[in-house]
Structure formats: structure tokens, C-alpha cells
Amino acid sequence: EVLTGCSFAFHAGDRVLLCGKNGSGKSTVVKLMLGLYAPVSGQILYNDVDATELAVKSIREHIAVVSQHIFLFKGSVLDNLFIGLHGKTRADVQKLLAELDLTAYFETFPQGLDTDIQQHLSGVSGGQMQMIAIVRAILSGKEVVIMDEPFSNLDESTRDLLTKILERWHYSDILVVVSHEDPSAMGFTKEICLD
């Protein structure tokens with residue numbers, strides 16, 4: 001057993017810190033939320049409907065995840081921001097970057113949003129990959145955004161930038177930040193610590 005005696009609820013507007021040491025079950029909670037694991041006992045409810053009554057595809061259509069292991073595809077930065085998204089335009093991206101005060105950050109890429117990402121990700125740092133994945137998740141407009149260890153691949157200046165983004169991002173749905181650290185400056189409304 002990984003999780004026993006666990007019971008918690010997330011509601012629209014919640015900014016949740018899910019913390020705990022390595023091996024405490026944080027990733028298991030995320031996999032349960034995504035329908036990758038089924039609970040051996042207990043229930044997972046979405047709007048009072050048991051997850052076992054919902055199609056896994058339906059659950060995942062409402063949740064955006066920034067995982068610890070980012071994968072980018074060959075193409076431009078903009079192409080990678082659009083992966084899995086439909087109907088989004090360059091103007092949508094530029095508007096979001098301006099709202100998050102990230103325009104200057106993405107202008108540091110050699111050709112900005114048109115920078116070509118080659119196979120094996122040559123020329124893209126771990127922090128840049130993480131920021132692309134985070135912007136893609138926010139751009140998706142999904143009701144739940146999960147960021148799994150979003151600070152793990154970032155240098156100090158990019159960590160500070162991400163903290164500011166999460167502080168100023170007015171997200172009306174559910175944000176879950178999974179971290180073994182306690183980035184308490186980000187105004188979490190709930191903190192769930194697994195022991």
C-alpha cells in the first residue's frame with residue numbers, strides 16, 4: 001500500500017501544494033487523478049461522479065499535466081506550444097506571454113517563438129523546456145493544471161520567474177503543484193503533505 005487514510009477534496013479556485021518526501025506517494029496521487037491507476041479501495045470522485053463511471057479519456061481532457069520529464073518535438077517553439085491544443089493561434093500565445101510577463105523570456109530564444117527545436121533538443125536548456133511545457137499547460141485552458149516538481153530543472157533566476165508567474169496567474173480553476181519543497185510564497189489555499 002502506498003496511500004492509506006487519505007481523504008481530501010479540491011474545488012474551483014484551489015491552489016494546492018501537494019508535498020512530501022520522495023516515495024511518500026505524491027506521484028501516485030497524480031496517477032490516480034489521471035486515471036492511470038485505479039484505487040484498490042476508496043473512491044475518486046469528479047463532480048460527485050465516481051471515476052470508475054467515467055472514461056479515462058474524458059478525465060484527461062480536463063486535466064493538463066506538466067510532468068517531471070518534459071518531451072519536446074522537432075519543430076519550432078510555437079509548434080511545441082500548440083501540441084495537443086486546437087484552435088490556438090500565435091496571437092493567443094503572445095497575449096498569454098504578455099499577461100504572464102514572459103515575452104522577454106521567450107525573446108531570449110535565438111528566433112523567439114520561431115526557434116527551431118532539433119532532435120535531441122540541442123540548444124534548449126532544461127529550464128527552457130520546462131517553461132515551454134508550463135506555458136502549454138496554461139494555454140490549454142483546462143479545468144485542472146498539475147505541475148509535477150516544476151522547479152526541479154530550473155536555475156535560480158528561472159525559479160524566481162516561475163514563482164512570479166504562479167503568483168500573478170489568475171487561475172479560476174484548480175492548480176496542483178507537486179513538490180518535495182515548500183514554495184510557500186505562491187499563495188496556496190491548501191497544503192497536503194504526505195508522510
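Here is a friendly walk through the structure above, which is a predicted model.

Let us start with the cysteines. A disulfide is a covalent bond that ties the sulfur atoms of two cysteines together. How many disulfides does the structure hold? There is one, and it runs from Cys 19 to Cys 193, with an S to S distance of 2.3 Å. Cys 19 is buried, because its relative accessibility is 6%. Cys 193 has a relative accessible area of 48%, so it counts as partly exposed. Cys 6, on the other hand, takes part in no disulfide; the nearest cysteine sulfur belongs to Cys 193 and is 11 Å away. With a relative accessibility of 41%, Cys 6 is partly exposed.

Side chains of opposite charge can pair when their charged atoms come close. The count here comes to three salt bridges. One of them joins Lys 190 to Asp 14, with the closest N and O atoms 3.0 Å apart. This pair, too, links distant parts of the chain: Lys 190 belongs to strand 9, while Asp 14 lies in the segment before strand 1, 176 residues apart.

Another salt bridge is found between Asp 114 and Arg 90, where the closest N and O atoms are 2.5 Å apart. Asp 114 is in the loop between helix 5 (103-107) and strand 6 (116-117), and Arg 90 is in helix 4, so this pair ties together parts that are 24 residues apart in sequence. Asp 114 is partly exposed, with a relative accessible area of 43%, and Arg 90 is partly exposed as well, at 32%.

Lys 95 pairs with Glu 99, and their closest N and O atoms are 3.9 Å apart. That distance still counts, because the cut-off for a salt bridge is within 4 Å. Both residues lie in helix 4, four residues apart, which is about one turn of the helix. An α-helix has 3.6 residues a turn, so residues three or four places apart point the same way. Lys 95 is exposed, with a relative accessibility of 54%.

Now for a charged residue without such a partner. Arg 136 is in helix 6 (residues 126-140). Arg 136 is buried yet has no salt bridge, and Asp 79, the nearest side chain of opposite charge, is 11 Å away. What lies 2.7 Å from a polar atom of the Arg 136 side chain? The backbone oxygen of Asn 80 does.

From here we can turn to helix 1 (residues 26-33). Six of its eight residues are buried, so helix 1 is largely enclosed by the rest of the structure. The buried residues are Lys 26, Thr 28, Val 29, Val 30, Leu 32 and Met 33. Just after helix 1 comes Gly 35, which takes a positive phi of about 80°.

Asn 47 has a phi of about 50° and lies in the loop between strand 2 (45-46) and strand 3 (49-50). Glu 149 has a phi near 50°, and its place is the loop between strand 7 (144-148) and helix 7 (156-168). Glu 149 is buried, because its relative accessibility is 7%.

Our last stop is the surface. Phe 71, Phe 73 and Ile 83 make a nonpolar surface patch of about 290 Å². Ile 83 is placed in the loop between helix 3 (77-82) and helix 4 (90-99). Ile 83 counts as partly exposed, with a relative accessible area of 30%.

Key
Residues numbered from 1 in each chain as written. Predicted model: local features only at pLDDT ≥ 70, side-chain atom pairs only at ≥ 80, totals over all residues. Heavy atoms only, no water. Patch = residues over 30% accessible without salt bridge, like charges linked within 9 Å, V, L, I, M, F, W, Y side chains within 5 Å. Areas by Shrake-Rupley, 256 points an atom, 1.4 Å probe, with all protein chains shown as cover. Helix = DSSP H or I, 4+ residues; strand = E, 2+ residues; numbered from the N terminus. Buried < 20%, exposed > 50% of the residue type's maximum accessible area, 1.4 Å probe, protein only. Disulfide = S-S within 2.5 Å. Lys, Arg positive; Asp, Glu negative; His and termini not counted. Polar contact = N/O pair within 3.5 Å; in protein donor to acceptor, adjacent residues only side chain to side chain.
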